[in-house]
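I opened the notebook to write down, step by step, what I looked up in this structure.

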Amino acid sequence: MNSIVLLLILSVYLAVLFFIAHWAEKKENGKWSNNPYIYSLSLAVYCTAWTYYGSIGVAADNGLSYLPIYLGPIIIAPSWILILKKIIRISRVNKISSIADFISLRYGNSRFLGAIVTVICLSGIIPYIALQLKAISETFHVVTKTATSSNILDDTTTYVAVALALFASYYGTRYVDASEKRKGIVTAVAMESILKLVFFVIIGIYVTYFVFDGFNDIYEKASLLKNFKEKNTIGGLPQAINWFLLCVLSMFAIFLLPRQFHVSVIENNRENHINTAVWLFPLYLLIFNIFVYPIAWGGNILFAGKEVNSDAYSLLIPQLFNNKTLTVLVFLGGFSAAISMIVVSSIGLSTMITNNVLIPYNLIGKLKGSDQTISSRKILNSRKIGIFSLIILSYFIYRFFGLDYSLVSIGLVAFVIIAQLGPAFFGALFWRRGSRLGAVYSIIVGFIICIYTLLIPYSIGITNSESTFISNGLFGFHLLKPFQLFGLDYLQPVPHALFWSLLFNVITYFSVSVSFKGNYRERNYAEMFVDISKYITNHENAFIWKGTAYRNDIEKVLVRFLGEERTNRAMNIFNVKYNIDINQELADARLIKFSENLLTGHIGTASARILISSVVKEEKISLPEVLKILEESKENIIINKKLTETSNELKEITAKLQNANLSLMVKDKQKDEFLDTITHELRTPITAIRAASEILHDDDEIPEELKKQFLQNIISESDRLNRLIDKILDLEKFETGKQTINATKSNLIETIENSMEPLKQLIKNKGVTIYLESKSKVNAYYDEDRIFQVMTNLLANSIKFCPEKEGVIIIKVEDIEDYIQTSVHDNGKGINDNDHEAIFEKFYQSVNQNIKKPVGSGLGLAICKQIIEYHKGKIWVQPSVKGACVVFTLPKNKNLEN
Amino acid sequence: MKKILIVDDEPNIVMSLEYTFKKHNYEVFIARDGQEALDILKNNFPDVIILDVMMPMVDGYATLEQIKKDQNLKHTKVIFLSAKNKESDIEKGLALGADCYLTKPFSIKKVVEQVAELLN
C-alpha cells in the first residue's frame with residue numbers, strides 16, 4: 001500500500017479521535033463520558049501494541065507463555081471491589097494525582113520518596129513508550145512494504161509522535177488541578193479500546209474461518225509442525241513457577257503501572273463504576289485472547305520455513321491474501337493500542353515529574369512569589385513541556401537505540417521495574433507500621449537488583465559487547481551470574497529478576513520499617529490510609545498537627561495558587577463543614593490539612609506540605625503522643641457512631657413529628673367539630689326564643705296562661721344561653737392559661753355541702769338520696785369557688801343519670817398520703833368502659849357519636865378536668881364499679897402545688 | 001284535617017310549633033326522639049313530619065331511613081328542621097329523601113307556609 005494513502009488514513013483516524021476527545025470534553029456531565037462502561041473500557045489501556053502484536057509473537061514462538069500477562073489481571077480483578085475502592089477513596093479525599101503522590105503522602109509527605117517513585121516510573125515507562133512508537137513504525141513499514149529510513153523527516157513515526165505529543169499536552173493539561181478528571185482523553189481511550197478489540201476480533205475471525213476452516217483445522221495443521229507439543233504444555237514444575245511469577249508480575253502491573261493508576265484511580269468518577277469494571281475488564285481480556293492462538297499458529301502454518309517477524313502475523317496474513325482493507329484495519333487497531341498507551345502514560349508521568357520532582361525541588365521557590373495566574377500558567381506549562389518532551393524523548397530512544405528486543409521483553413522489563421513499588425504501595429494500604437525509610441530502601445534495593453539481573457545484561461545484549469558478565473557472573477563468581485543469581489537456574493530472566501528483586505524488596509521494607517520507626521506524620525497518614533473508610537467524610541479530623549498558624553497567612557498562600565474566588569469558596573465550605581467562626585484568627589489542624597489538600601492537586605503532596613509549613617509554626621509531636629491522639633480519634637469515631645445513632649433517633653423523631661402532625665390534623669378537625677357543636681348549642685335556645693317571640697308578636701288571641709308560659713320559656717332559654725356562654729368562656733380561660741387559681745387551705749367538707757345547695761330542688765324532684773362519708777373536717781389546699789363548681793357539676797351529672805325515685809349518690813372523702821381524694825359514686829347506668837377517658841373531652845358525646853345530643857352543655861367535665869389539673873390533682877373514672885364513679889384528688893398542702 | 005308529627009327533643013321549640021299548627025287546624029303528634037316517633041308511626045300515618053336531626057337515641061337521619069322503608073308512609077312529606085346548617089348537612093338530609101330542609105332558628109310563619117305548600 002502507498003505510504004501517502006496510509007498516512008492520509010492515519011490523519012483522518014487521528015482527527016476523529018481528537019474530535020471525540022474534544023466533544024467529550026465539551027459535554028458537561030455527559031452520560032457518555034461519565035459511565036461505568038467508559039471507565040471499564042478505559043482500563044483496557046492495559047492492552048498496548050505489545051498485546052496487539054507481541055502476544056501473537058510469543059504464542060507463535062514460545063507457546064503458552066503469553067497467557068500469564070492476562071491471567072494475572074483476570075485473577076486479581078475481583079479484589080478491586082475492596083482494594084481499588086480503598087485506593088480511590090484515599091486518592092479522592094487527599095486529592096492525589098499520581099502513584100508518586102500516593103506513596104509520598106503516605107510516608108509523611110516525603111519529597112524524596114515522591115522523586116524516587118517518579119524516577120522508577122520514568123526508567124520503566126520511557127523505553128516502553130519508545131517501544132510503542134517502534135511498533136507503529138514497524139507496522140507502518142509492513143503495511144506499506146517499505147524499508148526503514150534513516151532520515152527522520154521520512155519517518156512517519158516522527159509526525160505521529162509530534163501529533164500525539166501535541167494532543168496529549170493539550171488535552172492532558174486542561175486543569176491546573178491534576179486530580180481533576182480528563183473526560184476527553186478518557187473517552188478517546190475508551191473508544192480506542194473498542195476499536196482495537198473489534199479490529200483484532202475481525203482479523204481473528206478472518207484467519208480462523210476464512211483463511212482456515214475453524215479452530216480444529218488450525219489445530220490439526222499446526223500439530224504437524226515441530227515443537228508444537230513442547231510449546232503448548234506448561235512443562236513441569238520449573239515452568240509452572242515461571243508461569244506463576246509472571247501472573248504475579250501482571251497482578252502488580254495492573255495496580256502500579258502509572259497509566260493504570262491514572263485511568264483506574266485518578267479518572268474514576270464514581271466508586272461503583274468498579275462494580276462494572278470487575279467483570280467487564282476481565283471479559284475484555286478474555287475476548288482479546290480467544291484469537292491470539294489461531295492467528296499465531298495460523299501464521300506459523302502459513303509462513304513455515306520463512307524468515308518473518310511473528311509479531312507481525314496479524315498484518316502479514318491479510319497481506320498474503322492481498323486483503324488491503326483488513327490490513328489497514330489491523331494496523332489502525334494496533335495504532336490505537338499504541339497511542340492510547342503513549343498518551344495516558346505521558347500524562348501520568350508528566351504530572352509526576354512536575355508535581356513530585358520539578359515543583360518540590362526547584363519551582364516552589366519561584367512559584368511562592370508569583371500571583372495565581374502566573375503560577376497556574378507556570379505549572380501548566382511545565383506539565384505541557386513534560387508531556388511533550390517525554391514523548392519526544394521516547395521517540396529518540398526508539399530512533400537511536402535500536403530496541404532489538406521483542407515487544408514483549410521490553411514490556412516485561414518495565415513491569416518488573418514498576419513492581420518494585422509494590423511492597424511500599426500495598427504496605428501503605430494495609431500496614432500501619434510501614435515507614436518512610438522502609439519504603440525508600442525497599443524501592444532502591446529492588447531497583448538495584450533489577451538493574452543487575454535485567455537492565456545490565458539486556459544492555460550488554462543491545463550493545464553486543466563481549467562481556468563475560470552474563471556467562472560467568474560479576475568478577476567471575478558463578479553465584480553472581482545475573483540470570484542465575486545464587487544458583488537459581490530454572491527461571492527465565494524476567495521471572496528470575498522479579499523473584500529476587502521482590503524478595504529483597506519485601507525483606508528490606510519489613511526489616512527497615514520494624515527497626516526504624518517512622519515519624520509522627522507517617523504514623524498519622526498510616527492511620528488515615530489503612531482506615532480510610534472511617535475517615536472518608538471528614539478526614540481532616542484525623543490529621544494531627546500542633547503549633548501556631550494564622551488563617552490569614554494560609555489564605556494568602558492559597559490565593560496565590562487557587563485565586564481569590566476559589567480560595568473564598570473553599571474557605572466557606574470549610575467553615576460550614578466544621579462550623580467555624582469566620583472571624584477566628586488561628587488555624588487548626590483541620591484547616592492545615594484542608595489547605596494542603598487544596599494545593600495537592602496543583603503542586604503535589606510534598607510541595608503542598610512545604611508551602612503550608614512555610615507560613616505556620618509547627619511544634620514537633622512525639623510518636624507516643626500521636627498514638628494517644630489517634631486513640632482519642634478512635635473514640636471520636638465511636639462518637640461519630642453515636643452521631644449516626646442520633647441521626648437515627650432524629651429519624652424516629654421525624655416519624656413521631658409526622659404522627660404529631662397527624663394528630664394535630666385530627667385536633668384541627670376536632671376544633672371544627674367543637675365549633676360546629678357550639679354553634680348548634682347556641683342556636684337551640686335562640687330558636688326556642690325566636691319561635692316563642694314570634695307567636696307572642698303575631699298572635700293577639702293567645703290565651704293569657706299560654707302567653708305566660710311562652711314568656712317563661714323565653715326567660716329560661718335566655719338563662720341557658722347565658723350559662724353556655726359562661727362555660728365556654730370558662731373553658732377558654734383555662735385553655736389559654738388566663739384562669740388563675742386562688743388556692744387557700746379550706747375545709748373540703750364544707751365546700752361539698754355548699755355545692756349541694758343549688759341542686760336541692762333537682763334532688764328533691766328526682767328523689768335522689770345523697771350520702772356523704774367522711775370526717776366532719778378535711779382540710780385541703782384549693783380554690784373554693786372552683787371546687788364548688790366541680791362538685792356541682794359532678795353531682796348534677798350523677799343526678800341526671802340516677803334512676804327516678806331510687807337514685808343514690810355516695811360522696812366519699814379520704815386522706816391518702818399527700819392528697820385528699822374525693823369520689824362521687826351513683827347508681828345510674830354507669831359509663832361505658834371505652835369512654836372513661838373520653839368523657840373529659842369537650843363535647844365528647846357529640847363529637848364522638850356526632851349525632852347524639854350532649855346531655856347538658858357537654859363542657860362540664862372538660863372544665864372539671866381543667867380545674868383539677870390546675871390544682872395539680874387528678875380526675876378519673878373509677879373502673880369496674882356498678883354505676884358511675886368519678887374520683888378527683890386535691891393536694892393537702894401548698895408546696896405540692898408547685 | 002291534616003295530620004302532622006313534630007319530632008324534637010327541645011320541649012320549648014316543640015311547644016311553639018304545636019301551638020301554631022293546632023291553631024292552623026292540624027292534628028298534631030309529638031315525639032321527643034326518633035324512637036318515639038317511629039313508635040307513633042306504627043299506628044298513625046301523618047301527612048307531614050317535622051324532624052330534628054340531633055336527638056338522643058335515634059337521630060333524625062336514622063329516623064328518616066326507617067320512614068322511607070315504610071310503605072304506609074309513601075305519601076308522607078318529611079321536613080328536616082335542624083340547627084345543623086352547613087351545605088353538607090343540607091345535602092345529606094335531602095339525599096336521604098327529605099322533601100325539604102329548614103334551618104334553626106326559623107320563622108314559624110315560613111314553616112307553616114312550607115308545610116302548606118308541600119301538602120298541596
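I first looked up A:Gly114, which I count as buried because 29 other C-beta atoms lie within 10 Å; a residue is called buried if 20 or more other C-beta atoms, placed from the backbone, lie within 10 Å of its own. I note that this is a predicted model, in which local features need pLDDT of at least 70, side-chain atom pairs count only at pLDDT 80 or more, and totals for chains, interfaces and linings use all residues. Residues are numbered from 1 along each chain as its sequence is written, while chains are lettered from A and ligands numbered from 1 in the order in which they are written.

I then found A:Gly114 in helix H7 (residues 111-144) of chain A, where a helix is a DSSP run of H or I with at least four residues, numbered from the N terminus. Leaving out residues up to four places away in sequence, I listed the contacts of A:Gly114, among them A:Ala100, A:Asn356 and A:Gly604; two residues are in contact if their C-beta atoms, placed from the backbone, lie within 7 Å. I also looked up A:Phe102, twelve residues from A:Gly114 along the chain, and the C-alpha atoms of the two are separated by 8.4 Å.

Last, I looked up where the chains meet: 20 residues of chain B are in contact with 17 residues of chain A. On the side of chain B that touches chain A, helix H1 (residues 11-23) of chain B gives the most, with six residues.

Key
Helices (H or I, at least four residues) and strands (E, at least two) are DSSP runs, numbered from the N terminus. A residue is buried if 20 or more other C-beta atoms lie within 10 Å of its own, exposed if 12 or fewer, and partly exposed in between; C-beta atoms are placed from the backbone.
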